[in-house]
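Subject: Structure handover

Hi,

Here is the structure I promised to pass on. Have a look at it, and then read on for what turned up.

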Amino acid sequence: MNKVISIQEIDNFVNDTAVEIKHSNESRCYYSKTTDYIHMTNKENFIKTSYGDETSNYYSVLFHELIHATGHNQRLDRFKDNDKKFKDNAQQSYAFEELIAECGAIMLCQQFNLEKTIRTDHALYIKSWISALKNDVKFLTSSLTRAYKAVDFLNKKTKKVELKAVA
């Protein structure tokens with residue numbers, strides 16, 4: 001039974017980005033750089049956790065993947081810059097991109113009032129990727145800058161140009 005409640009404002013925002021989204025019963029969610037689409041597991045596969053209900057979990061993951069999609073060369077073209085930044089260290093480049101996507105997802109969750117504070121699962125995820133970057137916190141500030149650019153890009157593309165203040 002699908003317990004994810006569709007939130008029209010968010011669905012409209014996501015549709016307006018023009019990023020292709022495919023749903024299936026495949027259990028994982030991801031952004032495909034090579035074919036430029038987001039894969040989401042079907043909504044009924046999202047469950048309530050100690051961090052959030054099915055709806056907030058679904059949209060949080062969708063926002064994370066949407067931020068990844070802004071890295072495509074037809075959008076912000078961030079992936080090549082990430083690779084250069086880490087001198088072709090694919091693991092560190094990947095960790096940095098995960099930080100960007102998760103920080104951007106947090107911003108979008110707050111923008112759409114899905115979350116008032118950073119959830120524990122977001123914080124743990126961010127901490128794991130910072131540790132993959134040898135606990136150098138400068139990567140967090142750098143990823144926040146890139147995440148903000150990604151959110152700003154999406155807001156301008158969807159004509160939702162003003163970020164809501166965080167309570």
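Let me start with a question: over the ring of which residue does the charged end of Lys-33 sit? The ring belongs to Phe-79, and the charged end of Lys-33 is 4.5 Å from its centre. There is another case of this kind: Lys-22 has its charged end over the ring of Tyr-37, 4.1 Å from the centre.

Before you go further, please keep in mind that this is a predicted model.

**The overall picture**

The protein has 167 residues, and 49% of them count as buried. Its secondary structure consists of six helices and three strands. Reading from the N terminus, the order of elements is α-β-β-β-α-α-α-α-α. Among contacts with a separation of 6 or more, 63% are between residues 24 or more positions apart. The accessible surface is about 9100 Å², and carbon and sulfur atoms hold 51% of that.

The three strands form an open sheet in the order 1-3-2, and the pairing is mixed. At the edges you'll find strand 1 (20-24) and strand 2 (30-32); each has a single partner strand, so one side of each has no neighbour in the sheet. From one strand to the next, the twist averages 25°.

If you want a spot to look at, Tyr-31 stands opposite Ile-38 in strand 3. Helix 2 lies across strand 1, strand 2 and strand 3, and it runs at about 160° to strand 3.

**The aromatic pairs**

Searching the whole structure gives seven aromatic pairs. One of them is Phe-13 with Phe-112: the ring centres are 5.0 Å apart and the planes are at 65°, so this pair is edge-to-face. The pair ties together distant parts of the chain, since Phe-13 is in helix 1 (residues 8-16) and Phe-112 is in the loop between helix 4 (90-111) and helix 5 (120-132), 99 residues apart. Are these two buried or exposed? Phe-13 has a relative accessibility of 3%, so it counts as buried. Phe-112 is buried too, at 8%.

Next come Phe-46 and Tyr-58, with ring centres 5.2 Å apart and planes at 90°, so this pair is edge-to-face. Phe-46 sits in the loop between strand 3 (37-41) and helix 2 (54-69), while Tyr-58 is in helix 2, 12 residues apart. Phe-46 has a relative accessible area of 11% and is buried, and Tyr-58 is buried at 3%.

Ring pairs also join Phe-13, Phe-63 and Phe-112 into a cluster.

**Two aspartates to look at**

Asp-36 isn't a glycine, yet its phi is positive, at about 55°. You'll find Asp-36 in the loop between strand 2 and strand 3. Why does Asp-36 count as buried? Its relative accessibility is 18%, and buried means under 20%.

Asp-77 has a positive phi as well, about 50°, and it is not a glycine either. Its place is the loop between helix 2 and helix 3 (78-85). With a relative accessibility of 26%, Asp-77 counts as partly exposed.

Cheers

Terms used: Residues numbered from 1 in each chain as written. Predicted model: local features only at pLDDT ≥ 70, side-chain atom pairs only at ≥ 80, totals over all residues. Heavy atoms only, no water. Helix = DSSP H or I, 4+ residues; strand = E, 2+ residues; numbered from the N terminus. Buried < 20%, exposed > 50% of the residue type's maximum accessible area, 1.4 Å probe, protein only. Contact = heavy atoms within 4.5 Å. Areas by Shrake-Rupley, 256 points an atom, 1.4 Å probe, with all protein chains shown as cover. Phe/Tyr/Trp six-rings, centres within 6.5 Å; stacked < 30°, edge-to-face > 60°. Lys NZ or Arg CZ within 6 Å of the ring centre and 35° of its normal. Pairing = 2+ DSSP bridges. Axes fitted to C-alpha atoms, helices over the stretch in contact; angles between N-to-C directions.
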